[in-house]
Amino acid sequence: MRRRTCAALAAVLVAASGCGLTSGSPMVDDVVPGTIGRGQPLKGAELTVTSKEFTEQLILGAIMGIAFEAAGAEVLDRTGIQGSIGAREAVKSGDADGMYEYTGTAWITYQGNSEPIDDPREQWEAVRDADLEDGLTWLEPSALNNTYALAMNQENFEKYGTENLSDVAELAASDPGAVTVCVEAEFANRADGLPGMEKAYGMDLPAKNITQMDTGIIYTEAAKGSCTFGEVFTTDGRIKSMNLAVMDDDKKFFPNYNAAPEINTDTLKEWPAIAEVLAPVTARLNNTVAQELNAKVDVEGQDPHEVALDWMLEEGFVKEG
């Protein structure tokens, strides 16, 4: 067993009443350095990792924690905090030391900007610079961009031939009944969601063509063709498993949501090796990797931490101890 069970940890857990709670439980993966963490530059460090509660975040939080473990740190797991703000505030206050955060979320939700920056690198730089005064340091970003998109099943893709959102706009104008969309309530009302997308692409979808539903149902309904297009997240594993065709955002309307390590600045000053430990891991993350890892959880039902551990071992970042 590479990880001990909850029962085995019960004697040492003080703040937590069970494994995986946001109050924290120790990570006890039996890992040693592979291509990262050589010389164990974090030996002696006691680091807390956190994340939001959805699948991709749980995986990314585990990846960060496992990297720290291999580099010699003792790691407390506080992944799975509800909502977007809680995990960030934990890092900001020092209750946690790091997490993977998204550039677009920080720029729009936390830093209060209304207009995203088109260039992914410039978006990251703007977020990095703005957060320095808040005691948060952003390390180099990944290519993983968990942004919004519209997707359709292969039958409709072959029928209508739309490849990007400009094509969707043309279809909506020439055949209004053909463009029906399934979306979340939040996306239906956000400025960086459906209303903004319609404005940017010159669409005017009638209300009868828009159906609001929960996220998971959207993928199913789009796969069945109940709605021509479904709102999806570009790194969701169900895109691949359901063989959905994703429309390119050819006008770059949707914000860039590139994942990058967000580290408490004081922690980074004390343990600067954090940056070199995480850099190769972050550089390997992209949408294809994220879709595959997310699918293992959301489609196959695997545990997020085990998925993260298996990937870290497969990539050679860490080895079994």
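This is a predicted model: local features need pLDDT of at least 70, side-chain atom pairs count only at pLDDT 80 or more; totals for chains, interfaces and linings use all residues.
1. The sulfur atoms of cysteine 182 and cysteine 227 are 2.2 Å apart. This falls within the cut-off of 2.5 Å used for a disulfide, and the count by that rule comes to 1 disulfide.

2. Packing of α2 against α13. Helix α2 (residues 55–70) and helix α13 (residues 273–284) have axes that come within 10 Å and cross at roughly 125°. That angle makes α2 oblique to α13, and the crossing of α2 past α13 is right-handed. Which residues of α2 and α13 meet? On the α2 side they are Ile63, Met64, Ala67 and Phe68, and on the α13 side Ile274, Val277, Leu278 and Val281. Sorted by class, the contact of α2 with α13 has 8 nonpolar residues, no polar residues and no charged residues.

3. Packing of α4 against α5. A second helix pair is described in the same terms: two packed helices are described by the angle between their axes and the distance between the axes. For helix α4 (residues 103–110) and helix α5 (residues 120–131), the angle is about 55° and the axes are 9 Å apart. The two helices, α4 and α5, are therefore oblique to each other. α4 passes α5 in a left-handed crossing, whereas the crossing of α2 past α13 is right-handed. Thr103, Ala106 and Trp107 in α4 meet Gln123, Trp124, Ala126 and Val127 in α5. The residues of this contact of α4 with α5 divide into 5 nonpolar, 2 polar and no charged.

4. Helix α15 and what covers it. Why is helix α15 (residues 304–314) described as largely enclosed by the rest of the structure? The reason is that 8 of its 11 residues are buried. The buried residues of α15 are Pro304, His305, Val307, Ala308, Leu309, Trp311, Met312 and Leu313. The elements covering them include the helices α2, α13 and α14 (287–298), together with the strands β2 (31–33), β4 (74–81) and β13 (318–320).

5. Glycine 316 is placed in the loop between α15 and β13. Its relative accessible area is 23%, and glycine 316 is partly exposed. With residues up to four places away in sequence not counted, glycine 316 touches Gly34 and Thr35. Glycine 316 and leucine 268 are separated by 48 residues in sequence and by 25 Å in space, C-alpha to C-alpha.

6. Arginine 78 and serine 51 are 27 residues apart in sequence, and their C-alpha atoms are 7.2 Å apart in space.

7. Two residues with positive phi. Glutamine 40 has a positive phi of about 45° although it is not a glycine. Glutamine 40 lies in the loop between β2 and β3 (46–52) and, at 28% relative accessibility, counts as partly exposed. Asparagine 243, also not a glycine, has a positive phi of about 55°. The place of asparagine 243 is the loop between α11 (237–241) and β11 (245–246), and asparagine 243 is partly exposed, with a relative accessible area of 46%.

Conventions:
Residues are numbered from 1 along each chain as its sequence is written. Side-chain values use heavy atoms; hydrogens and water are left out. Axes are lines fitted to C-alpha atoms, for helices over the stretch in contact, and angles run from 0 to 180 degrees between N-to-C directions. Helices (H or I, at least four residues) and strands (E, at least two) are DSSP runs, numbered from the N terminus. Angles under 35 degrees count as roughly parallel, over 145 as roughly antiparallel, 65 to 115 as roughly perpendicular and the rest as oblique. A crossing is left-handed if the near helix is turned anticlockwise from the far one by less than a right angle, and right-handed if clockwise. Contact means heavy atoms within 4.5 Å. Ala, Val, Leu, Ile, Met, Phe, Trp, Tyr, Cys and Pro count as nonpolar, Asp, Glu, Lys and Arg as charged, and the others, Gly among them, as polar. Buried means under 20% relative accessible area, exposed over 50%, partly exposed in between (1.4 Å probe, protein chains only).
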